[in-house]
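Trainee: I have a new model open and would like to walk through it with you. Could we begin with how far to trust it?

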Amino acid sequence: MACNNNKNNIVVVFDFDKTIIDVDSDNWVIDELGFTDLFNQLLPTMPWNRVMDCMMKELHDQGKTIEEIKQALRTIPIHPRIVPAIKAAHALGCELRIVSDANMFFIETMVEHLGISELFSEINSNPGFVDEHDTLRISPYHDFTNSSHGCTLGTCPPNMCKGLVIERIQDSLAKEGKKMIYLGDGAGDYCPSLKLKAEDYVMPRKNFPVWDLISQNPLLVKATIREWTDGESLEKILMGTIEEIILEEEKEKKMLSTSAENTCKIHTISVGINVHHEPIMPRALRVSQSG
Ligand SMILES: [Mg+2]
Ligand SMILES: [Zn+2]
């Protein structure tokens, strides 16, 4: 576990599928365990998140164990520069989070396997847990059977609006004046990109859906846009952006402390004047007052 005493003012929010890992974890597990055809048959009939829950029941019924699912997850390809980039961002003092439409079970299994689970302060994803029958159950982050999450952008799935998650994170960070760097690839990463503020950064993966959506009208995004292509460029651009923000903030701090020093000097001088100032009052009056 990296030491993280020197906290900076930056929160880095990662998407998971095709951002941290190189593939979609749902597709990977289904394909690895040989259930692609059934998955494709179900997909047009119900939301993706519900298909995954059905598929996990099917896997269980066909004798696939939780350990086999975990084993499939451990073989997921990841670019060799991604883990070093995540560790470096943490070592520089950034707070790290994951916001993903995969599920908690897949993500926790992967980050533990990669040895980086301790580096994330929060993971937001669809709940995933093993029930009493040893079946992995996947439920929606937002329960859309009772009500919609309310986002009308059209690029968010019914079970999760990442924009709402980002707004909640922004609310909790508002007092601390933290800056956010958001990385993603999918259409679901577009909504959070629009929620970012002018002082934030968005890192869309080039030629992926979020990049296409942003490119249609970049002026809708207030944050600085920095595209990336693979793990190597992700590392370079993320590190460069973090260092840039840290340098800028150090400069600002220096300017503030210099102006604070100047204010102190002026204050000392004015105190000095007051100390040596004789009260402007006729002597006779002073006598009569005291008497
Ligand atoms: Mg993704
Ligand atoms: Zn949304």
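Mentor: Happy to. Keep in mind that this is a predicted model, and that pLDDT stays under 50 over residues 269–291. Where pLDDT is low, the predicted coordinates should not be read in detail.

Trainee: How many contacts beyond four places in sequence does the model have for residues 269–291?

Mentor: Start from the confidence, which remains under 50 along residues 269–291. Then look for partners beyond four places in sequence: for this stretch the model has one contact.

Trainee: And what is the mean pLDDT of the protein chain?

Mentor: Here you can look past that stretch to the chain as a whole. Of its residues, 88% reach 70 or more. The mean pLDDT of the chain is 90.

Trainee: Good to know. Turning to the sheet, which strands are its edge strands?

Mentor: Follow the order of the six strands in this open sheet, β3-β2-β1-β6-β7-β8, where the pairing is parallel. An edge strand pairs on one side only.

Trainee: Which residues of α6 make the contact with α4?

Mentor: The crossing of these helices, α4 and α6, is right-handed. From α4, the contact takes K70, L73 and R74. By class, the contact has three nonpolar, two polar and two charged residues. On the α6 side, the residues are F106, T109, M110 and H113.

Trainee: Helix α4 also packs with α1. Which residues in α4 does α1 meet?

Mentor: Helix α1 (residues 25–32) and α4 pack at about 120° with axes 9 Å apart, and they are therefore oblique to each other. Their crossing is right-handed. The contact residues divide into five nonpolar, one polar and one charged. In α1 they are S25, W28, V29 and E32, and these meet, in α4, I69, A72 and L73.

Conventions: Residues numbered from 1 in each chain as written. Chains lettered and ligands numbered in written order. Predicted model: local features only at pLDDT ≥ 70, side-chain atom pairs only at ≥ 80, totals over all residues. Pairing = 2+ DSSP bridges. Helix = DSSP H or I, 4+ residues; strand = E, 2+ residues; numbered from the N terminus. Left-handed = near helix turned anticlockwise from the far one by under 90°. Contact = placed C-beta atoms within 7 Å. Nonpolar A, V, L, I, M, F, W, Y, C, P; charged D, E, K, R; others polar. Axes fitted to C-alpha atoms, helices over the stretch in contact; angles between N-to-C directions. Parallel < 35°, antiparallel > 145°, perpendicular 65-115°, else oblique. pLDDT = per-residue confidence, 0-100.
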